[in-house]
Amino acid sequence: MSMGMEATVFLAALAFVWPFVGALVVAAMPAPRSREAALWMAGTGCALSVIVFMFPSVGGNASGWDDDPVQRAGRVMLAFGLLLLVLENAVQPDRLLRSLPHVCTALAGLACVAPEPAVGLGILELALAWGVFVFTRPAGQAKTGWGLIRTGSVGTVLVLSGLLLPQGSTVSGLMMACGLVILTGLAPFGQFWRDRNDSFLFLPFAGASILLAMRLRGHGGAAFEMALVAAGLVSVWLTASAGRAGDRQRLFRTFPSALALMAVGVEADVAALLFLCGWCLAGGNRSGRGWAVNVLACFPPGAPFVGCLLLLSVMTDWSWPVAVLTVCGILAAVLRAVPDREAARLFWPEDMAGRVACSVLTIMGFLVPLAMMLGAF
Amino acid sequence: MTLIAILVPMVALCVVARGVGFLLLAGVVTALAMLVDGLTPPHEVGAVLALLFAAVPPLFLTRYQHDATLERSGAAVPFFALGLMVLLLLACSRAGSAVFPAGLCTMVAGLVAVVCRQSMVWQWAGLLTCVEGVLLSAVLGHQPVVLGVAALAGAVVLLLGGMCVHRIMPRVVPLRAAGQRSTRRAGPSDTGADV
């Protein structure tokens, strides 16, 4: 094995281990200095994942670890999501809580690359268990924790039983799609986070579920794809019909993940990646901020807008009526459900996190289609 | 396919209808169904895990008071589970598989218990029934990877469910000895003022 190959393998392994190291460092630091350390660790993790994406290790496929370029790019999105989570949260006094996003991102990255999708599901279940254990430790949170574990485990069990049925059968596809929709937390079906801290767990968790959905497509067959598209379509239209009333905002929050699931269903993996980028950088509980609303609603300069274009261009080949329905649904959702127009009009946000998110999303929106044209995916 | 594999979904229906009391029986029947099918290491591991996941919750719950959550769900819930099982059977036979999907039927019954029942202990029993079903199905289908993942999911549900039960439900407190209580009652008269 030559020197260069050894270096790429080492870097790939380091990129997996790095968030765990980050979690240890962040937990070990005293509280006032932990945020700075977390920023450095998350930033280095982003740089590492970008390097691993550009210089992939060749021997990975031989040893059974699945490593296609889409999954590697997905890990880049997860790493930037971690950076943004650290950037916009203040200093957390609790050690376990402040290391939780690092641990969950690390486990999500491992889940996307596991040799079999079932193993990935197991790793996700571990992430769920750890996350729920950490943020339901305060008194009075036990019922919430039980609700999270219940919903997440139901999703895992559904996907597992879909994997047990023969490949390509209708029941198997439907079961796996139901399980994935629950794991992704698509709004009317299974959105199971409520509290502010929950996005520490569920941003990487839902992102990894979307990445896993791409790998489960081979087992699910046509029924799986159609069920995913149907679920995404229902979610988009429900978002549009719910409007912008205060308590219905949770529908709007999962708008990019609904579109990402549709993109997975029509086999537009690059579009799904762009929506995943939007989800990791702007999803969760940030929908109160102007820039996040811009991103969630797929307004032009940014990855989700490019993702919409790619999705629609692929979907017109898949089925015309569904494409028309999707366009109408997205337009209606943007017109009716985008909250707080005044804040959304602002293009360049004032806070640091918003600036980083906007620049990363714009760069991704240019780079990912460029990489697709150059043949990286 | 054995008779005992058909018994498993029936016992799972009893869990849906009556609660956590039937979980132990479901575990025993699942383990038997696995062992009847073969005696290879995956079968034995699966049987041990099925027994473990079914035996621990009832034992653990004896330390806590009875869960008195008012159930609003009606008597129709087991029939709903039965209907879903029949649908699953029809779909599987239409897809061309001749084997009776005992594990998946058990899983469906457990799902109905999780979704339709309100009390936490009942939902816990339902989730563990789901896990039993997936374990049985993985063992009979010779898929060791899925067996391992199902075991992990079962362990997570068992541990965190037990933790939530410990935090939510009141413990069983042993009654004081009669002699002690009588001396209290005979003591100073300010005991009544506290109440």
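How many residues has the largest nonpolar core, and which of them have the most contacts inside it? In this predicted model, local features need pLDDT of at least 70 and side-chain atom pairs count only at pLDDT 80 or more, while totals for chains, interfaces and linings use all residues. Residues are numbered from 1 along each chain as its sequence is written, and chains are lettered from A in the order in which they are written.

The largest nonpolar core has 192 residues, and those with the most contacts inside it include Leu160(A), Ala263(A), Val131(B) and Ala150(B). Such a core is a set of buried Ala, Val, Leu, Ile, Met, Phe, Trp, Tyr and Cys residues joined through C-beta atoms within 7 Å, where buried requires 20 or more other C-beta atoms within 10 Å of the residue's own, with C-beta atoms placed from the backbone. Helix 9 of chain A (residues 199-242) gives the largest share of this core, 21 residues; helices are DSSP runs of H or I, at least four residues long, numbered from the N terminus.

Turning to the contact between the chains, 32 residues come from chain B and 27 residues from chain A, contact being defined by C-beta atoms, placed from the backbone, within 7 Å. Helix 7 of chain B gives the most to the side of chain B that touches chain A, with 13 residues.

Within chain A, the axes of helix 2 (residues 31-54) and helix 3 (residues 69-88) come within 9 Å and cross at roughly 165 degrees, the axes being lines fitted to C-alpha atoms over the stretch in contact, with angles from 0 to 180 degrees between N-to-C directions. Helix 2 and helix 3 of chain A are therefore roughly antiparallel, a term for angles over 145 degrees.

Technical notes:
Two residues are in contact if their C-beta atoms, placed from the backbone, lie within 7 Å. Helices (H or I, at least four residues) and strands (E, at least two) are DSSP runs, numbered from the N terminus. Angles under 35 degrees count as roughly parallel, over 145 as roughly antiparallel, 65 to 115 as roughly perpendicular and the rest as oblique. A residue is buried if 20 or more other C-beta atoms lie within 10 Å of its own, exposed if 12 or fewer, and partly exposed in between; C-beta atoms are placed from the backbone.
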